Amino acid sequence: MSASREKKKRQEKLSSGTVDPKAARAAEQKAAERKSNILYGTVAAVFVVVAIALLVYNSGIIQRNQTAVTIDGEKYSVPETAYYYNQVCSTYASLFGQEYLQTLKTQPHPEDETKTYNDYFKESAVDNMKYIHAATTAAKEANLSLDSEDEETVKANVESMKSTAAASGYSYGSYLKMVYGPTMTSGVFESCLRDQLLANKYSADYSEKNFVYSDDEILAYYNENKDSYDVIDGAYVSINGTPEAKTDDQGNAVEATEAEKAEALAEAAETAQAILEAYQKSGDLEAAASAYDATVSTTISGSSTVYGQWFFDEARKAGDAEVIEDGASGRYYVAVFNSRQRDDSPATYDVRHILVTAENLDLPEGEEATDEQIKAKAEEILAGWDGTEDGFAKLANEYSKDPGSNTNGGLYEDVAKGQMVAAFQDWCYEDGRKSGDSGIVYNASTGYHIMYFVNYGDEQNWHYSCENALRSAAATEWQNGMVEAAKAEINEAGMKNVG
């Protein structure tokens, strides 16, 4: 059949409504291919959209602008709330560790088992935010703002965060996200820092102006609370009266029998009595205790313990020595009382220091610094000192790794008891300490401190502590009132992205 005849035949079929099977199959195949292409194209497009959505969501961009809390009409975003939430969590992490914190978050809170610890952390964060909001609002109304010194404090905090980030192998922004969550930005972090600083500044200013107490009021408070502020000169030896722990063949703990408990307690009582008698003969508690592998403690901080009640008893007099039974804890104490007096020691002191750490050493890459090397570096720095306070300040600015004082000559002013680590404080309060004294102090958690003692403050510790207690109680009541007065509304959609 010629081509023209074939074409004519097809035209006739079309005009009569008859369908060519071959052409129909070809048309169906092309239609199926077009449908398949459309289907796979649509599926691919959906996957691209989902991937982009996940990328955007995981970046924190969407949540960053979500409102988590509204306080007195002012909206606070997810990252702002996360800043205060993290501060609450950090308190627990510092006490128990980060791993335990993550487990703790899912546990019921003992005060309300319908809530988890995570719920409690968020509620605490909101309470802190209510206070910050109220205080910063009041500060602005009082025309109180941050000055250049405050901005230096903000800068120091930021630099410290950057330094920690770099040491951990992160950029500043990445480290903030790791600590506070994916929504955090440097802008939000630094803004929250400023808000906290302004709130604290206003609180201090308000407290100084409104919570003022006379010497008579302070003395009256002291007389009502002597047990909390007096100093006991005495010592005690603690004797454990519980049976040694035992296990069965499978390693399971086996509880001691009543007879075993009674026997162990009786042995402790006998040992305590022997130590007391040895002390009464020799007058040397240290020697009497060491004969029984026991140690002497001179830290007597309050009347809440059984032995503390004995030491703080008003009837106590110099030379008293006694065996004290503490049945609840299964212990006996040998207690020796010398004296009780008001703490008239200086309440504060000024000191300069140079913190020397591994960062001061120029070691080959991969080599870890030893304590001996760090100590030797501290001794080298001290040996190069010219003996003057100005000279020490210059060395502190050059060598100290303490970000809180390495730009002001290592100076800390008006340091109160309990503010510094024990080794640092103990050096400052050593008998005979005087202006110009120097030395090296070691603390396991910080490093080696090259010390320069400036002077003591004029106020006595009992007076300073009692006044602060009065002011603190008044300030707490005032702040609680501010928190209760502030009205907070939680946006659950935003709050679920916190933490």
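# A tour of the sheets and the helices across them

Helices (H or I, at least four residues) and strands (E, at least two) are DSSP runs, numbered from the N terminus. Contact means heavy atoms within 4.5 Å. Axes are lines fitted to C-alpha atoms, for helices over the stretch in contact, and angles run from 0 to 180 degrees between N-to-C directions.

This is a predicted model, in which local features need pLDDT of at least 70 and side-chain atom pairs count only at pLDDT 80 or more, while totals for chains, interfaces and linings use all residues. Residues are numbered from 1 along each chain as its sequence is written, and side-chain values use heavy atoms, with hydrogens and water left out.

Now select S1 (residues 67-71) and S2 (residues 74-77), which pair in the antiparallel sense over four bridges. Two strands pair if DSSP finds at least two bridges between them. Go along the pair: Thr67 stands opposite Ser77 in S2, and Thr70 stands opposite Lys75. At the turn, two residues lie between the strands of this hairpin, and Asp72 has a positive phi near 50°.

Leu95 is exposed, at a relative accessible area of 61%; exposed means over 50%, buried under 20%, and partly exposed in between (1.4 Å probe, protein chains only). Leu95, Phe96 and Tyr100 form a nonpolar surface patch with about 350 Å² of accessible area together.

Thr106 comes next, in the loop between helix H5 (98-104) and strand S3 (108-109). Thr106 is exposed too, with 56% relative accessibility. Its C-alpha atom is separated by 6.6 Å from that of Asn118, 12 residues apart along the chain.

**Strand S5 and its partners**

Select S5 (residues 230-240) and S10 (residues 331-342), antiparallel strands joined by 11 bridges. Gly234 has Phe337 in S10 as its bridge partner. S5 is also joined by two bridges to S8 (residues 296-297), again antiparallel; there Tyr236 stands opposite Ser297.

**The four-stranded sheet**

Finally, show the open sheet S12-S11-S14-S13, four strands with antiparallel pairing. S12 (411-416) and S13 (438-443) stand at the edges, each with a single partner strand, so one side of each is left without a neighbour in the sheet. The twist averages 40° from one strand to the next. S11 (residues 348-356) and S14 (residues 447-456) pair over eight bridges, and Tyr349 has Tyr456 in S14 as its bridge partner.

Helix H15 (residues 371-383) lies across S11, S13 and S14, at about 35° to S14.

End on Asp350 in S11. Asp350 is buried, with a relative accessible area of 14%. Not counting residues up to four places away in sequence, Asp350 touches Tyr412, Glu413, Asp414, Phe453, Val454 and Asn455. The C-alpha atoms of Asp350 and Val454 are separated by 5.3 Å, although the two are 104 residues apart along the chain.

Note on methods
Patch = residues over 30% accessible without salt bridge, like charges linked within 9 Å, V, L, I, M, F, W, Y side chains within 5 Å. Areas by Shrake-Rupley, 256 points an atom, 1.4 Å probe, with all protein chains shown as cover. Salt bridge = Lys/Arg side-chain N within 4 Å of Asp/Glu carboxyl O.
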